[in-house]
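My notes are below the structure.

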Amino acid sequence: MSRRSELLEFAVLGLLHESPMHGYELRKRLNAALGAFRALSYGTLYPCLRGLLDQGLISEASGTQHAAATAGSKRARIVYELTADGKEHFQELLKEAGPTAWEDDTFDVHFAFFARTEAEVRLRILEGRRSRLEERLDTIRTSSAKNRERFDTYTAALERHGLDSAEREVRWLNELITAERNIPSSATSSTTSSTTSTPITPNN
């Protein structure tokens with residue numbers, strides 16, 4: 001399974017942990033809230049859902065207890081919800097704090113579910129992301145120093161834009177890391193046991 005497929009499964013499980021949803025609603029949430037999936041098609045989403053069904057991590061129901069019938073249709077939309085195994089699996093995925101949680105194409109998705117993530121794991125992911133951005137800043141600055149005279153106006157402007165974006169995200173991460181370290185243990189316990197999760201987009 002590709003990393004993107006694994007990330008999509010993680011995101012779907014996270015959204016279904018909030019509440020049962022049908023495919024249309026899932027795709028809408030993935031497109032709107034999680035940048036990695038803004039171009040997600042049903043041709044990608046439904047195979048993912050089928051895989052999760054086959055693994056027993058989600059179940060489906062066509063009844064009206066979670067969603068009304070589609071307007072103008074005699075059939076109710078299929079609603080997907082987490083099974084007990086799915087909830088347990090999602091909690092295990094939340095504990096992952098290695099490089100796969102802080103790369104460009106994965107960090108936003110993991111960050112979106114920080115309200116359900118243990119404080120120690122949140123801090124490791126934030127520090128890992130900051131370290132990756134600081135490495136990128138060093139690379140950009142070194143390249144700029146070596147090639148400044150050879151850059152045309154537009155290439156120089158693009159490089160400056162990349163530098164500004166990275167510096168801005170590092171400042172944002174520093175603020176988050178400081179806040180995490182200052183959270184009282186009682187507040188941390190309350191946060192990780194919360195029943196809701198609000199996706200947040202990094203400030204870059």
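Conventions. I am working on a predicted model, where local features need pLDDT of at least 70, side-chain atom pairs count only at pLDDT 80 or more, and totals for chains, interfaces and linings use all residues. Residues are numbered from 1 along each chain as its sequence is written, and side-chain values use heavy atoms, with hydrogens and water left out.

Helix 1 and helix 4. I took helices as DSSP runs of H or I with at least four residues, numbered from the N terminus. Axes are lines fitted to C-alpha atoms over the stretch in contact, with angles from 0 to 180 degrees between N-to-C directions. Helix 1 (residues 3-18) and helix 4 (residues 84-94) have axes that come within 10 Å and cross at roughly 120°. Helix 1 is therefore oblique to helix 4; the classes are roughly parallel under 35 degrees, roughly antiparallel over 145, roughly perpendicular from 65 to 115, and oblique for the rest. The crossing of helix 1 and helix 4 is left-handed, meaning the near helix is turned anticlockwise from the far one by less than a right angle. For the contact (heavy atoms within 4.5 Å), helix 1 supplies F10, L13, G14 and H17, and helix 4 supplies K87, H89, F90, Q91, L93 and L94.

Helix 1 and helix 3. I found the axes of helix 1 and helix 3 (residues 42-54) 10 Å apart, at an angle of about 75°. That angle makes helix 1 roughly perpendicular to helix 3. From helix 1, L8, E9, V12 and L13 meet T44, L45, C48, L49 and L52 of helix 3.

Helix 6 and helix 7. The axes of helix 6 (residues 119-147) and helix 7 (residues 153-181) come within 9 Å and cross at roughly 155°. Helix 6 is thus roughly antiparallel to helix 7. I also noted that helix 6 passes helix 7 in a left-handed crossing.

Cavities. A cavity here is a set of points on a 1 Å grid over the protein atoms alone where a 1.4 Å probe fits but cannot get out, and lining residues have an atom within 4 Å of a point. I counted two cavities of 30 Å³ or more. The second largest cavity holds about 30 Å³, a volume being the space filled by probe spheres set on the points. Its lining consists of F10, L93, L94, E96, H110, F114, T117 and I125.

Note on methods
On a 1 Å grid over the protein atoms alone, a cavity is a set of points where a 1.4 Å probe fits but cannot get out, and a pocket is an open set with protein on both sides within 12 Å along at least five of seven lines; lining residues have an atom within 4 Å of a point. Helices (H or I, at least four residues) and strands (E, at least two) are DSSP runs, numbered from the N terminus.
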